Amino acid sequence: MSDEDAEAYAAGTGDALVRRFAHLPLEKYSPQIVRELIHSVIGAGLRDGTLAVLTIADSSSDSFLGSLVFFDINQDDAEIGYWVAPEHRGRKVSGRALALALQISRILGLKRLRARTVQDNPASERVLLNAGFKQEGEARPEIVPSGKTEMSVSYLIEV
Ligand SMILES: CC(C)(COP(=O)(O)OP(=O)(O)OC[C@H]1O[C@@H](n2cnc3c(N)ncnc32)[C@H](O)[C@@H]1OP(=O)(O)O)[C@@H](O)C(=O)NCCC(=O)NCCS
């Protein structure tokens with residue numbers, strides 16, 4: 001992410017589906033808050049390898065389309081989360097971002113990627129299955145990254 005993404009990122013986080021399903025740690029994001037995060041926790045996470053909050057960008061204009069996050073990163077695996085800004089949905093942006101996430105994972109030497117969706121998130125379920133993720137077990141209550149407990153379905157892919 002860079003400072004140029006801050007306005008679009010903050011706007012996207014106000015979308016009802018992002019608020020419902022993306023489990024972002026903060027309730028509200030302003031462009032200023034996003035810039036502060038880029039220069040603190042996001043930058044630090046990239047430097048020490050514990051967190052990668054990435055922009056999904058349009059390959060021709062470099063404009064912000066959405067967000068892809070690697071978190072809970074271990075030696076062999078990591079969890080990913082993602083969201084696409086509402087005005088850019090319907091073009092399979094997240095599917096292409098997941099394909100790139102798999103490439104990045106291979107380069108990093110990860111063996112598996114994990115993902116979780118809330119039980120009633122059919123769009124995300126479709127995106128994960130299309131990308132080759134397999135469902136692991138049934139929905140169960142889990143603490144999600146925002147700290148709330150949700151009925152979650154887990155997915156896994158060997159990279
Ligand atoms: C999930 C999300 C990233 C998908 O956005 P996108 O990449 O634009 O996805 P698309 O709209 O192109 O749809 C991708 C697939 O899902 C399907 N889909 C989309 N909305 C759907 C819905 N409401 N019900 C069922 N399937 C749906 C599409 O038909 C398409 O399937 P196909 O490729 O087999 O034809 C987006 O909806 C989003 O940001 N949601 C809010 C945040 C979120 O849920 N993040 C994931 C948390 S794990």
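Some questions and answers on the sheet and the ligand follow.

Guide: This is a predicted model, in which local features need pLDDT of at least 70, side-chain atom pairs count only at pLDDT 80 or more, and totals for chains, interfaces and linings use all residues. Residues are numbered from 1 along each chain as its sequence is written, and side-chain values use heavy atoms, with hydrogens and water left out.

Visitor: Which are the edge strands of the sheet?

Guide: Strands are DSSP runs of E, at least two residues, and helices are runs of H or I, at least four, both numbered from the N terminus. Two strands pair if DSSP finds at least two bridges between them. The open sheet has 6 strands in the order S1-S2-S3-S4-S6-S5, with mixed pairing. Pairing on one side only marks the edge strands, S1 (52-57) and S5 (134-143).

Visitor: In S4, which residue is the bridge partner of Asp77?

Guide: Strands S3 (residues 77-84) and S4 (residues 112-118) run parallel and are joined by 3 bridges. The partner of Asp77 in S4 is Arg112.

Visitor: How far is an oxygen atom of the ligand from an N or O atom in the side chain of Ser94?

Guide: A polar contact is a pair of N or O atoms within 3.5 Å. For a polar side-chain atom of Arg89 and a ligand oxygen, the distance is 3.4 Å. For the side chain of Ser94, it is 2.5 Å.

Visitor: Which element gives the most residues to the shell around the ligand?

Guide: Elements giving two or more residues are helix H2 (16-21), S3, H4, S4 and H5. The largest contribution, 6 residues, comes from H5.

Methods: A polar contact is a pair of N or O atoms within 3.5 Å; within protein, one must be able to donate a hydrogen and the other to accept it, and residues adjacent in sequence count only if both atoms are side-chain atoms.
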